[in-house]
Amino acid sequence: MKKFKTMLIMAGAVLTTACGAVEEAGTEEISEDNQLNVVATTSMMADLMEIVGGENVDVTGLMGPGIDPHDYQPSSSDVNAMTEADIVAYNGLMLEERFVEVFEQLEQQGIFTIIAENALDESVLLDPEEDEEDLEYDPHIWFSITHWGTVTEYVANQLSEKDPDNEEYYQDNAQDYLAELDELRAYVEDRVEEVPEQSRYLVTAHDAFQYFGEEFGFEVVGLQGLNTQTEAGTGDISQLADFLGDNEINAVFVESSVSPRNIEALIEAARSRGHEVENAGELYSDALGSEEDGTGTYLEMYRSNVDTIVDGLAD
Ligand SMILES: [Zn+2]
């Protein structure tokens with residue numbers, strides 16, 4: 001605690017507005033009436049913090065439905081919210097590319113962070129395609145249900161470190177959720193059976209689904225790379241149009257957080273080669289959907305994606 005305060009003072013020069021309402025966190029018991037103030041970057045992390053933290057956390061998510069985390073620039077109010085939070089939760093692996101300096105600032109200030117990246121051993125991370133200079137590993141880890149379970153356990157451990165009095169509560173929440181992730185896995189395995197093996201190709205706007213492909217036996221092709229900032233060239237589009245024809249792939253998918261422009265161009269290019277391809281619907285890739293659409297949680301988002309994929313590819 002003492003170290004934390006010293007660091008806060010040292011960081012005073014960097015801090016512009018925070019410091020107004022500095023309270024001694026940890027002196028009062030954390031509860032429904034005295035919640036930990038959590039700020040999360042992606043909607044996937046916000047969802048998981050709410051699930052494991054339960055009534056003890058008040059979670060603010062910075063990125064809503066349809067927001068692309070590769071491209072999202074934190075506003076000054078985002079930065080203020082993070083520097084005043086008890087806990088900041090984020091994905092890492094350079095998913096939130098424009099947050100790099102803010103994350104460094106948080107570290108200097110001694111803000112307690114929960115970073116999904118830290119839950120996973122490097123050996124389970126997928127390598128990007130060769131021309132992805134900025135990314136060492138594929139950051140879309142939430143699409144592996146196994147990895148998301150590991151992240152769940154890590155979140156429970158980190159929350160317990162921050163608030164040891166409620167360790168049992170966080171661990172129980174995590175265990176309950178792991179059971180739900182098992183149910184989700186069973187659902188996905190069941191539905192995937194409906195797609196003939198030779199049709200298990202997932203062609204989408206950007207390369208977000210490699211972990212899904214690895215776990216459930218799909219070949220995944222993204223028109224753009226792992227990072228939505230790399231533009232798809234006409235060469236990529238015509239190459240992929242050939243690939244669709246060669247492999248008799250009749251369905252491709254758009255993504256909620258990426259413009260459908262390139263996928264539409266791909267469908268056109270395939271058509272001009274005499275191969276009919278349909279836009280089989282929208283997948284949630286780097287952001288959850290909305291509560292109104294019934295896709296506002298990770299579990300709902302995943303089921304919705306799998307339904308869209310299977311309905312699009314099954315005969
Ligand atoms: Zn992405």
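Guide: One term first, since packing will come up: contact means heavy atoms within 4.5 Å. Please also keep in mind that this is a predicted model.

Visitor: Fine. What do the buried residues of H3 pack against?
Guide: The buried residues of H3 pack against strand E1 (36-40), strand E3 (87-90) and helix H4.

Visitor: And which residues of H3 are buried?
Guide: In H3, which spans residues 76-84, the buried residues are Asp78, Val79, Met82 and Thr83. They cover an arc of only 130 degrees around the axis, so they sit on the same side of H3.

Visitor: Now H4, which residues are buried there?
Guide: Within H4 (residues 100-109), Val102, Phe103, Gln105, Leu106 and Gln109 are buried. Viewed down the axis of H4, these buried residues fall within an arc of 160 degrees, and therefore they line one face of the helix.

Visitor: What does the face of H4 turned away from the buried side carry?
Guide: That face carries Glu101 and Glu107, which are exposed. Just after H4 comes Gly110, which takes a positive phi of about 75 degrees.

Visitor: Is E6 mostly covered or mostly exposed?
Guide: E6, residues 219-224, is mostly covered, with five of its six residues buried.

Definitions and conventions
Residues are numbered from 1 along each chain as its sequence is written. This is a predicted model: local features need pLDDT of at least 70, side-chain atom pairs count only at pLDDT 80 or more; totals for chains, interfaces and linings use all residues. Side-chain values use heavy atoms; hydrogens and water are left out. Buried means under 20% relative accessible area, exposed over 50%, partly exposed in between (1.4 Å probe, protein chains only). Helices (H or I, at least four residues) and strands (E, at least two) are DSSP runs, numbered from the N terminus. The arc is that of the directions from the helix axis to the C-beta atoms.
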